[in-house]
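Visitor: I have a structure on the screen and would like to learn how to read it. Where do we begin?

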Amino acid sequence: MPDINELIDELRCAHVAASQGGGERFRARHAERGKMFVRDRIEFILDPGTAFLELSPLAAHGLYGGEVPGAGIVTGIGVIHDHPCMIIANDATTKGGSFFAETVRKHSRAQEIAEQHKLPCIYLVDCGGAFLPEQDRVFPDKDHFGGGFWRQCRMSAAGIPQISVVFGGCTAGGAYIPALSDQVVMVKGTGRIHLGGPPIVKAAINEIVDGETLGGAEMHTNVSGVSDHIAADEETALQKLREIVANLGDGRRIASPQQEACVPLAAHGETQDHVPVDLKRPIKMRALIKTMTDGSEFSEFKPDYGKTLVTGFAHVHGYPVGIIANDGALFSESSVKGAHFIELCDQRQIPLIFLQNITGFMVGSEAERGGIAKHSAKLVYAVSNARVPKYTILVGGSYGAGNYGMCGRGFRPRFLFSWPNSRIATMSPDVASTVVTDLRRASLKSSASEKDIIALDAKTRAQFEEQSDPYYATARLWDDGIIEPNQTRDVLGLCIALAAGEDQDTGPRPVYRM
Ligand code: COA
């Protein structure tokens, strides 16, 4: 079994590979056209020395024969003239920046985060619209391409700025991104916007026209008015974009914490020192928490009750947080304690951090007679209705309904990140192979040999092993990315800062302290 350092090396290699986009041939062609690479564009617009929190860099990892790294789009949060902004940038070296199903999901997820945090959206557009062979998975449904345009309109109407810079040929859906923006900059020579490109125009109305005449920057800036500014080159366009953001007025700024941040005490070690790769080994949760909190302080709530759920108050980068972490299976007592703690944080408007390492809620007749179904539901209810921002980190296993009680993706945490040692599935491969084999045993009985049963067992185990892998999960956008354990404190600090200063809902609410 690899150790955590090997898993981190593997993660770094995967990130580097994804950052190369569509590969050498397309990168060389892109550079020959005098175009900047997508990450260079992003670096250019961000305030120097500020962080960029990239989201889902390994989307579509391992899918489409590995030909669509990062799903052909880079999204993330960065700071421009002190404004935290959501950057949504197509990578034209990957299938012309066209949209696959995972591209749509990554684009929509970035918009969702922007809408929630009122972050201006910056679209760096270089996009061939829907990837046509995948059109049925991209075009027609509620959360497909159209949903992104819907969000764009809604955000603009809500006063969340939508700004586009157009670098390449933007056709159909690609054209609508700038067309629906509040302000548009086009790069002369390479930037094009057309609902249908020259081949479509020829096929539809038999008009023969070149791309520049049809949808070039000069035409759109001087004639159609689709573009508001023309820039001689990419750098000038990106400078113009910075200027636009500088003049957004008093938009959202990051609210400073009320208390000064202080680093965790070195005596508690680094976060990754506490991460077992073998999830059968327990994680020393209290020790792990102290590697992430300010001054390694952690004021534990109800430490002598429901001990398999660790709950307590702390600060991360100066912001107060309530931490909920697993230290074993969830029993009735720990579930009710969790619901109680969430209620306290909700009342005090303290954001919640969930550290998931959970096999599930306790099963068995004793647990059922003790009302585990009802008590676990209280935790799920509390998680669902908490009005404070929630953040989830998969630090180990995320199995079964434990995923729900600990604020899995379905419970709308503001952000959800995984560690490279994590696993996510309804159940572990060991348990799954037993359950599936038992389920099938009756129907297989008459004809099945012991060999068939062993084969079924192995097949189920292999399926669950493959599907619970964090790379499988992140490729499908079940999280916002895999992060290194040692980055967790800073990532959480940034995410919490984005929500700090929001108006809070402090009205009365039902209390479920039981
Ligand atoms: N659907 C399917 N494949 C697409 C695509 C799309 N919308 N856009 C680009 N591609 C593919 C190309 O077929 C090519 O794949 P290949 O290398 O396997 O042959 C690759 O992406 C690169 O495209 P290419 O045209 O060589 O890149 P470019 O940088 O010269 O031009 C575009 C980029 C986006 C301007 C151009 O590809 C284009 O016009 N695409 C079609 C746009 C369109 O009609 N969209 C309608 C969507 S509803």
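Predicted model: local features only at pLDDT ≥ 70, side-chain atom pairs only at ≥ 80, totals over all residues.

Visitor: How many salt bridges does a search of the whole structure find?

Guide: The search finds 24. We will take some of them in turn.

Visitor: Are Lys240 and Glu243 buried, exposed or partly exposed?

Guide: Buried means under 20% relative accessible area, and exposed means over 50%. Lys240 has 22% relative accessibility, so Lys240 counts as partly exposed. Glu243 has 41%, so Glu243 counts as partly exposed too.

Visitor: What about a bridge between separate elements?

Guide: Ask which elements hold the two partners. Arg286 forms a salt bridge with Asp327, and their closest N and O atoms are 3.2 Å apart. Arg286 belongs to helix H11, residues 285–290. Asp327 is in the loop between strand E12 (319–326) and helix H12 (332–348). The pair therefore ties together parts that are 41 residues apart in sequence. Arg286, at 27% relative accessibility, is partly exposed. Asp327, at 29%, is partly exposed as well.

Visitor: How far apart in sequence are the parts that Arg489 and Asp294 tie together?

Guide: First the bridge. The closest N and O atoms of Arg489 and Asp294 are 2.7 Å apart. Arg489 lies in helix H19, residues 488–499, and Asp294 in the loop between H11 and strand E10 (299–300), so the pair joins parts 195 residues apart in sequence. Arg489 is buried, with a relative accessible area of 9%. Asp294 is buried at 4% relative accessibility.

Visitor: Which residues are linked in a network of salt bridges?

Guide: Lys35, Arg41, Asp126 and Glu234 are linked that way.

Visitor: How many of the residues of H19 are buried?

Guide: Of its 12 residues, 10 are buried, so H19 is mostly covered. Among them are Val491, Leu492, Ile496 and Leu498. Look just past the end of the helix as well. Gly501 takes a positive phi there, about 90 degrees.

Visitor: How do I read a nonpolar core?

Guide: In soluble globular proteins, nonpolar side chains tend to be buried together. Here the largest nonpolar core has 65 residues. Met86, Leu355, Phe415 and Phe417 have the most contacts inside this core. H19 gives the largest share of the core, seven residues. Leave aside neighbours within four places in sequence, and the contacts of Met86 include Leu55, Ile77, Ala110 and Ile122. Apart from this core lies another, of 25 residues, among them Phe341, Ile342, Leu352 and Ile372.

Visitor: Which residues come nearest to the ligand?

Guide: There are 15 residues around the ligand, and Arg29, Arg33, Lys95, Ala130 and Leu132 come nearest. Next, check the polar atoms. Arg29 has a polar side-chain atom 2.9 Å from a ligand oxygen. For Lys95, a polar side-chain atom is 2.7 Å from an oxygen atom of the ligand. Leu132 uses its backbone: a polar atom there is 2.9 Å from a ligand nitrogen.

Visitor: Where does Thr437 lie?

Guide: Thr437 is in helix H16, residues 429–444. Thr437 is buried, at 3% relative accessible area. The C-alpha atoms of Thr437 and Asp273 are separated by 37 Å, and the two residues are 164 apart along the chain.

Conventions:
Residues numbered from 1 in each chain as written. Heavy atoms only, no water. Salt bridge = Lys/Arg side-chain N within 4 Å of Asp/Glu carboxyl O. Buried < 20%, exposed > 50% of the residue type's maximum accessible area, 1.4 Å probe, protein only. Helix = DSSP H or I, 4+ residues; strand = E, 2+ residues; numbered from the N terminus. Core = buried A, V, L, I, M, F, W, Y, C linked by side-chain atoms within 4.5 Å. Contact = heavy atoms within 4.5 Å. Near = heavy atom within 4 Å. Polar contact = N/O pair within 3.5 Å; in protein donor to acceptor, adjacent residues only side chain to side chain.
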